[in-house]
Amino acid sequence: MMKKTATLLSSVVLTMALGTMSVSADTKIGVLVPDSGPAGLFGPSTRNSAVLAAKQINANGGINGEQIELVFADVGVPPAEAAQAALRLWKGQGAEAFVGMHDSAVREALIGRFNGEVPYVYTPVYEGNSCADGLYITGETPSQQLEPVIPFLAEKEGVSKWYLIGHDYNWPRDTNALAKGFIADAGGEVVGEEYVPFTVGEFDSSLQRIKESGADAVLVTLVGGGSVGFNVSFAGFGLDDQAIRLGTLIEENTLAGIGADNANRLYSSSGYFSSIETDAAASFAADYSAAFGSDAPALNGLGQSAYEGLMLLAALTNKAGSLDVAAMDAAAEGTTWSTPRGDNTLMGRHMAQTIYLADGSGGAFNVVASFDNVPSSEACSN
Amino acid sequence: MSSVLLLNLAWQISTLALVALGLAIVFGKLRIMNMAHGEFVMIGAYAPVITSMLGLPGWLQLPVCLVTVGPVAFVLERTIIRHLYGRMFDSLLATWGIAILLREIVELIFGRGYQSVSPPIAGTVCVFGADYPAYRIAVIIGILLGFIGLYWWNTRSKTGTRIKAMVGNPNLAEAIGINTARLSAGAFVFGCCTAGLAGLILAPTVRIEPMMGLDYLIRSFFALVVGGLGSLEGLGIGSGIIAGTQTFLGAVASQTYGYLAVLTLSILFLWLKPNGVRSSSR
């Protein structure tokens, strides 16, 4: 009992100490990460990347001359609960801006809850066309990942017959709708299109259809475990000899699950890979392992996007001179800043950025091409 | 019907029968609703991950699988499960808790990320004019032989009858000389080990992560609902109907229709024929 009381007391003292610390004029930024749920795998790398960004921003003098302090909430939960968690950070803990790495359903709930009263940066890969007051986006949209990449692969690999396979929801469908145009422009054709429910864990019949279609390229918009299962079986059936694969959400963890044996001619298109060899990316990766150890959760495009989001928030706030949404919205267009991904520009509230194409053959991403300053065609009209 | 479709049917039905076997024993014979069944499949699938992490030779995968799954199952049976014989709903809740516990333990050790495993036999072979993964062909043949052996043993052994006596009336069973503690622990551990073995066998062909067990649990229950509890024939029929429907409709229509049909079938069976196609207890 004594021990319990002592622990309780010391935690009270600690809380008070932390409380007084935060009374100093730090600006609090709410960071919304998936600690639980289907995207929980990305929670740790997202948190770590956010912490690195805060360190960097504070070293550069903070935002508008004030140091920043991060407050986290788990948004790997249903949208209504996630909105509650964000509200607690906003009204309860005094967060003055938000950076979120979570799914689109949560984003829509947050847009409704924030109602343009607080700046909000959304960071992961997503389907595009989300526009609201105070909403800024760093994540890659389908046009950015595909427009430069499809003609490049058509040329490099000599492929023209594309098979499109994805999970049955809006991101794959929106991606494929755009892909069809890029494939036609590159002189190719679509020989099959298929959407699979999330509940299906085996892809044998889809693989047979791909084989019979004579496809020489497959655009994969399956996500997570489904993508792993599909790609493992794809190579098991020897289809990697018949067709290349291009994924727009195959990051380092997914590739690890697919395995070196099954990743022959598997391409991924993204704004970030841990193996990007630019100076900025290399020093970011070095800082990451220095701060969190060499066995820290692997860097990947989703986790790293939290760093991008905070850097955008800092650049935009410093340009606008305040965290007021109207001022930020007015200053948003044309904001430029540099990150591990490269040189970025805010265009139509979306981040025009460098897109990297990496080959996963051998089980590790090897960047084979990069395309500078690719704008999104699914951006906002301002 | 193309030969690839026939081979896909054989693969899906045989692997589902293997995955569901352990559940059929534990649920069908011991009357324990083992919600942690899929987690034993998952632990088995980590055996090749363990051997490759420790740099052990490939032939140790099977021993490692049994050494990880067996003791876990034994300890759980002796500490928790044995108090729950004859209390089906309580067993459901308890094993659901165990399932969460096992997932968290595996996550603590290996992390949440995906693992990958190379198949022991690589490449494809030409069967009936179709290129099919050689490993899958070997697995289909192995499972078929295994089930023939099990059927042969089951028709001659009295173990099934003893288990039935034990579950029906434990006191009477002990009075006539059945060692119920040994029998129940043995049956539970055997059932869990077949699940682990299924995980080991499936590992090179599926995703491996702490949450993977859930998929196998649900499909196994569907197979048992349709086939009926308590007999190997029922298990075969149930697996055939569930995996067959999904694979066939998935091939000729789409995966969505395949899954819809499986759900519909399961509901219809629960409603109209709750004992399944075969429910004799042999």
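In chain A, helix α2 (residues 43-59) and helix α13 (residues 301-320) have axes that come within 7 Å and cross at roughly 30 degrees. Angles under 35 degrees count as roughly parallel, so α2(A) is roughly parallel to α13(A). Keep in mind as you look that this is a predicted model.

Let us stay with this pair for a moment. The crossing of α2(A) past α13(A) is right-handed. On the α2(A) side, the contact is made by Ser45(A), Thr46(A), Ser49(A), Ala50(A), Leu52(A), Ala53(A), Ala54(A) and Ile57(A). From α13(A) come Leu302(A), Gly303(A), Gln304(A), Ala306(A), Tyr307(A), Leu310(A), Met311(A) and Ala314(A).

Now turn to chain B, where helix α1 (residues 3-29) meets helix α6 (residues 134-156): their axes come within 9 Å and cross at roughly 50 degrees.

Which residues bring α1(B) and α6(B) together? From α1(B), look for Ala10(B), Trp11(B), Ser14(B), Ala17(B) and Leu18(B), which meet Arg136(B), Ile140(B), Ile143(B), Leu144(B) and Phe147(B) of α6(B). The residues of this contact of α1(B) with α6(B) divide into eight nonpolar, one polar and one charged.

Note on methods
Residues are numbered from 1 along each chain as its sequence is written. Chains are lettered from A and ligands numbered from 1 in the order in which they are written. This is a predicted model: local features need pLDDT of at least 70, side-chain atom pairs count only at pLDDT 80 or more; totals for chains, interfaces and linings use all residues. Axes are lines fitted to C-alpha atoms, for helices over the stretch in contact, and angles run from 0 to 180 degrees between N-to-C directions. Helices (H or I, at least four residues) and strands (E, at least two) are DSSP runs, numbered from the N terminus. Angles under 35 degrees count as roughly parallel, over 145 as roughly antiparallel, 65 to 115 as roughly perpendicular and the rest as oblique. A crossing is left-handed if the near helix is turned anticlockwise from the far one by less than a right angle, and right-handed if clockwise. Two residues are in contact if their C-beta atoms, placed from the backbone, lie within 7 Å. Ala, Val, Leu, Ile, Met, Phe, Trp, Tyr, Cys and Pro count as nonpolar, Asp, Glu, Lys and Arg as charged, and the others, Gly among them, as polar.
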